[in-house]
Structure formats: C-alpha cells, structure tokens
Amino acid sequence: MILTLEIIIWIIFVFCLLIMTAYLLLAYLSYKAMRVYFTKNSFTNYSIILNSPLAPPLSLISPAYNESKSIVDNVRTQLALHYNNFEVILVNDGSTDDSLQKLISNFHLEKKDIKIPQHLPTKEILGVYKSSNPAYKRLTIIDKVNGGKSDALNAGLNASTADYVTCIDVDCVLEQDALLKMIKPFLERTDKKRVIASGGVVRIANGCIIENGKLVKIEVPKSFLPRVQVLEYIRAFLLGRMAWSRLDGLLLISGAFGLFDKDIVIKCGGYTLKTVSEDMELVVRMRRYMHENKQEYIATYIPDPLCWTEVPDSYKILGNQRSRWSRGNVETLWIHKGIFFNPKYGRLGMLSYPYWFVFEFLAPIIEAVGIVFTFILAYLNLINWNFFFLLLLFVYTFAILFSMLAIMAEEETFHEYKKMSDYFKLIYSVLLEPTFFHPFITYSAIRGYIGLLFGKKSWGKMTRKGFGQKKKGEEEFTRTMAGTPNPKPV
Amino acid sequence: MTAVGIENSINYPFANHIETIVVFSILVFTYSSLIVFLSVIILRMRKNRYDKHAEIVKSSLNGILMSAAFASTDEELNDVLAKAKTEFTRQVKNSGMALVMIKEVLTIHSSLSGQSKNNLSRLFQETNLMSYTLRNLRNENWHVKASAIRVLAQINAETHIPKIEKYAVHNNIYLQQVAQIALVNLKGYDGLDFLGKLKNALSEWQQIHLLDILRRLDREKAPDFSQWLSNKEDSIKLFSIRLIHFFQQGYNSDKLEEFTHSKNLALRNEAVAALEKIRPGVHFETSNTVKP
C-alpha cells in the first residue's frame, strides 16, 4: 500500500517539477526574445508605411451576431485605424436584432450586386452592402444566414480582396497602430521563409476608459476576477508566447486579433466548424499544411499590446468560458492527433504539441486527481500532514514567484499600469490567485472535458458590460456567443 | 523539521528524501519573490528620478539650443557654443542624459531649416555630442553603432559618410538597414550604391523605407534604375522595377518586358504593373499572373 502511494506521489511530484521547469524556461526565453525585439524595434519607424504605395493591402474581418448596441461605434473605430490600404469587412451572421438596420442607416449602405467567390463553403449570403458615402468606401457589410463564428469568418475570407487578412472580434479595441505593427513581420524577412501568421498581445480592458473607440485611461480592474485575469494574460502573453515564437512552436494566435496570409488560410480550408477553438485549430492546420507541403514558413508573435478586450467578471460566465476553452483544446488536439511526437512535423510535433498535451490538457486532470487522492488519503489517515503542507507551500510560493516575474516583465517592457496603487492591487491578486482562482479554473476545465464527453457543442452565453462605458451609467447588455469569445491567454 | 511531525502521521521514505530540497526551494521562491517585489518598486523610483532629471536637462538645454539656432551673428553663436561646451561636458558623462540631449537637439533640428538648422548642426559637431556619437559608432554592440549612424544621418553629418558606408553591407541585417537608410538620407540617389554590393535580400520593409526617402528627392535627378535589374538578388531586381515604375522611367520599358516572362511570380507581376503604368495604352495579358 505504502509503496503504491509512494509511486503515485513521485509521479505527481515529478510532473510538478517538470511543469515548473518548463514555465521558468519559457519565461527566460520570452524575456530574452523580448529584449531582442525591443532593441531591434527601436530602429523602426512605423509611420513610413502609412503613405507608402508599397504597403500591402489588408482586410479586417469581423463576425457579428446581435451586436446592435456597439456595432456602429466598433465599425467606426475599425475604419479609423492607421493604415492606408485596408478594407473592413463586417459579416452580420444572421443577427436577430437590428444590427443590420443600424449599419445601413449610419453608414448609408446600399445593397450591391457583388458576387462573392466561394473559395470556402459558407451558409447562404443574403446580401453585400457598400456605402454610398465615399468616406466609408473601405467598408463592406456581408449579410448571411447564421452559421456561427467560423462560418462568418469564412464568408469574410471569401469576400476579402487583400493578400493579408486579420480576423478580429468586433468588440475588441485595437491600438491605432496595430495594423502597422502586425504587418511588419510579413515584410521584414530577408530569408526564404514565408510568414503565415502573426499575433500580438491581447490586454484586458475592464477598468480602462475608452472614448470614441480609443483607450484613454489604463487601470487595473477594480473587481477581483478581471484583475486576476490581468495577471493571467500578462503571464501568458509576456512569459509564454514570445518563447514559443522564438522556438518556432507557436500553436495559438488569439481569435481576438491575428493577421494571416490569406492564400495559405484558403488553401488550408479556412476556419473549421468542428471546434469551438477555431483560432487555435486554424494555426495548427496552417502549420501542418506548410510541413506537409515542405514549404519553409514561420508563425510570428510580437509582444506589443495591440488589442484590448473585456473579460468576464462573474464566476458563472468565466466558468462557461473556461470550460469552452478546454473543450476547444481537446477538440483541436484530437483533430490533429497525428502530429503527436511525429518527427515529420519538427518542433510542432516533437515539442509544441506534446507540451500542449501534457501541460494544458493533462494538467487539470492531474490536479483534479491529486485533490481527490488527497481527500481519500485524508479519510484513510494516510497523510503525512507536515509534508503535505510543505508541498502545498512549495507550489504556492512558486506560483507567487512566477506571477511576480510576469509583473516584472510588464514593468520593464510596457509599464501600462503606472499608478503605485495598481501595482499593489496586482500583488494582492498574486497572493490570492493560487487559492481561489486557480482551483476554480481547474474545476471549469474538468467541467469542459466532461461536457465534451457528453457531446456538448454550444458556445454558452457571455455578458459584457461594455468597457469604460459602465462608468457613464449605460445599461449592461447580454449577447449569445454565436459571435465572439475572449481570446485564450494560455 | 521532520517528515513525521504530527502524531499518527504516516511516514513516507519519499518525504524524507526530498524534504530538504522542498524546504530549500520554498526559501528560494519566497526570497526571489521578495526581491522581485522590491526591484519593481526600486525600478519605478529610479524611473521617476530619471524622468525628473531628464526634464530638468531638457529645459536647461532648450534655452541654449534656441539661442544657438537663432544667433544672428557668428560672435553670438560662438558665445553660445562656448557655454554649450561647458554645460554639455558635464551632462554627457551620464550616458542616459547624453541620449536625452541628443534626442532633444535632433527634435529641434528636424523642425528647423536654413541658417538655424545649420547653427544647430554646428553646435552638435563642435560640442562633445559629436564625439559621444562617434565613440558609439566604434562600440561593439550593433544597436549602439546603429543608434550612432542614425544620429549622424539626422544631423546631416556628411563628413562622416565614409564611416557609415562599410556598414551598408554588414553581416548584421539590422545594422545594415540603418546604414542604408542613413546613406540614402545623406547622399540621396548616390546612397543607393550599396545595392550593387549587397549579398543578401532587400526586405519589403526596407524597400518601403528607401522609397519613402527617395520619393522626397528631385525626380529630375533620378539615375537610371535599370542598372540593378541584372543583380543576382531577386529582391533587388524587384526594387529596381518598383523604382522604374514609381519614377516613370518609360525608357526602361524594353528591359522590363523581359521580366514579364520571369519564373519569379513577384517579378513578373511587378513588371506587368510597371509596364501598364509607364506605357499607357499598352495592355499586358495578365491571365498568367497571380498575386504574389
């Protein structure tokens, strides 16, 4: 009995050590990569591309479903982005509210007889709208039968006339120079590698004030849940993705904001309808396609905060979101199981996929098993309590250290939270996160796995308050997530 | 601390083995977290202090720069320069402040023209800001070198062009790009000479940069850009076609026609686009051209 318990504890302990080592290694690589990025970037003048005839054309594709309350402002914000050669394609995915009417009246839209090529199959297109006002000549609205986010994005991809496409959530606020920064990795290569995708940092807008689509004040959210997610996003984006990009193992570019080579996206078959994690699945499929066709490529990531989004501030919505993410992860891993430890796919197969499988998919299961196991041992009086608390402290102090390193990275790079009180609020969240937030996230992930076993497919509901606007006393609104989830920070 | 601390607790040999490591790790994690916590506070305080100091330096510098820029006689300028030399010598000892000062001089320099601009160039060259910049040009770090090159270009230090030229084909791609931009800024069209010596590709981003500078120059003085059409590097050929296109060098259309059969899709498309523009009325079959 004791021997069996010993073996189980050893396995859990070794897993724990592995995950800690992996996190620290990724953090170190990210930090180094960021330093290199900032040094190189200090010689970049983004404004030169603003008036250049060589600026490649871009399409911004936003799917929208029942976004009536914010859709007009969001489109205006997108049209005001700094870039000289882009189009905004908004796909109204069968909204049942007055989204389309609002767009028609505010942007002087007229239904046009424009044929959309069917590179990718989608639900029926009901109409294509263009503005009669030259000020909105960049705008195209596609009205279609509801088919979900992936289907709407595919319709936007069909309608795009540019070489590069960026798919963004309609309610995200982009930095005005976001497109300038995102296109650069596609243009700066001097080797034969083709850049197939580029992603940037997504930050949390809860607590920030946004006026006319621009972020005017950045603050740490007042309530606990969004504030902990700030930490989570900083950790993931600053201490994780940069390292994966450097290792050429990037598996996920947030659905909230990513720029893609349209040619490859279409050759891969566009967004899939088979998973709720269509953003991650697309990146994996694109990379797989390039490997299978023996084309040299790269998927890049830049550490600049380019996109601001609102995150859930209630346990119910957060739980639904996280269980959806975990379902999406499993679905993607399952679709691409052929990559697992397959040397044909290089680092994608030998490093990224196994990491994702072990530390993203298995971690919640191992944690949950560990908790259940602890209760059983406690019941059987088989716990060495001194050692138990020692191990608990070991994990807790590591979690604190890792979060502190993330805050340090943020301070040294972007220093977005300038007030000292914001810093202390973050520290307070660092101390509480492992005890309250993390167990809840593990529980939600397990709920997602169980949901998947029982065939759950829906997006669930997401309530948004509308960032910054709540301070002006505007009402809250609810929308069904046929449209847009928050970007994953994992 | 023992592994069997609480009465009736079970004793695992495993726990005894690793207890010391775990305790040590907890201490390391805790102290490291504390160090990071304090470091952030110190970092913030240092940044605040630096910003305040920079503001003071800027405001004191501003008076000198304005006096130099708008000095009406040589004597007046010499007086200001003498004062600047004393003031700058003290400040340039601090590398951070030297950069603040250079940035400030360049900002004002770029907003001026004529004699005032020349006065500021002279102030830069005759004070130790120039020696500081040239010292940076000899630095081993590529980014320090690149910063110095950029400063020399911004201050129109034409006498130092030979020092910059060797970096235009340097192995470090970033240093190379900064030097190329500096040379075109300083020498105009003649600055493109590096194209004939370049061994690597010219990125799209760099082409955008160079074109941005070239389009501000006198079109009448533009050289024959077809000289790089025979370069081994496709990206340089592409850039030449784009230049011929942008500068409407119709006399090169025969040379461009050869590229309409190129195996390289980007070259083919660019040649067709250029020909349609510089030879109005002539339409090329584009059925075999696809977007790159």
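Student: Is Phe38(A) buried, exposed or partly exposed?
Tutor: This is a predicted model. The relative accessible area of Phe38(A) is 25%. Buried means under 20% and exposed means over 50%. Phe38(A) is therefore in between: partly exposed.

Student: Is Phe414(A) buried or exposed?
Tutor: The relative accessibility of Phe414(A) is 16%. The cut-off for buried is under 20%. So Phe414(A) counts as buried.

Student: How many aromatic pairs does a search of the whole structure find?
Tutor: The search runs over all chains. The total is 36.

Student: What kind of pair do the rings of Phe38(A) and Phe414(A) form?
Tutor: Their centres are 5.3 Å apart, and their planes meet at 70 degrees. Planes over 60 degrees apart count as edge-to-face. The pair is therefore edge-to-face.

Student: How many residues apart are Phe38(A) and Phe414(A)?
Tutor: Phe38(A) sits in helix H1 (residues 2–41) of chain A. Phe414(A) sits in the loop between helix H11 (385–413) and helix H12 (420–453) of chain A. The pair links distant parts of the chain, and the separation is 376 residues.

Student: What kind of pair do the rings of Phe246(B) and Phe247(B) form?
Tutor: Both Phe246(B) and Phe247(B) are buried. Their ring centres lie 5.5 Å apart. The planes are at 75 degrees, so the pair is edge-to-face.

Student: Which residue lies over the face of Phe246(B)?
Tutor: A charge counts as over a ring within 6 Å of the ring centre and within 35 degrees of the ring normal. Here the distance from the ring centre is 4.7 Å. The residue is Arg219(B).

Terms used
Residues are numbered from 1 along each chain as its sequence is written. Chains are lettered from A and ligands numbered from 1 in the order in which they are written. This is a predicted model: local features need pLDDT of at least 70, side-chain atom pairs count only at pLDDT 80 or more; totals for chains, interfaces and linings use all residues. Side-chain values use heavy atoms; hydrogens and water are left out. Rings of Phe, Tyr and Trp (its six-membered ring) pair if their centres lie within 6.5 Å; planes under 30 degrees apart count as stacked, over 60 as edge-to-face and the rest as tilted. Helices (H or I, at least four residues) and strands (E, at least two) are DSSP runs, numbered from the N terminus. Buried means under 20% relative accessible area, exposed over 50%, partly exposed in between (1.4 Å probe, protein chains only).
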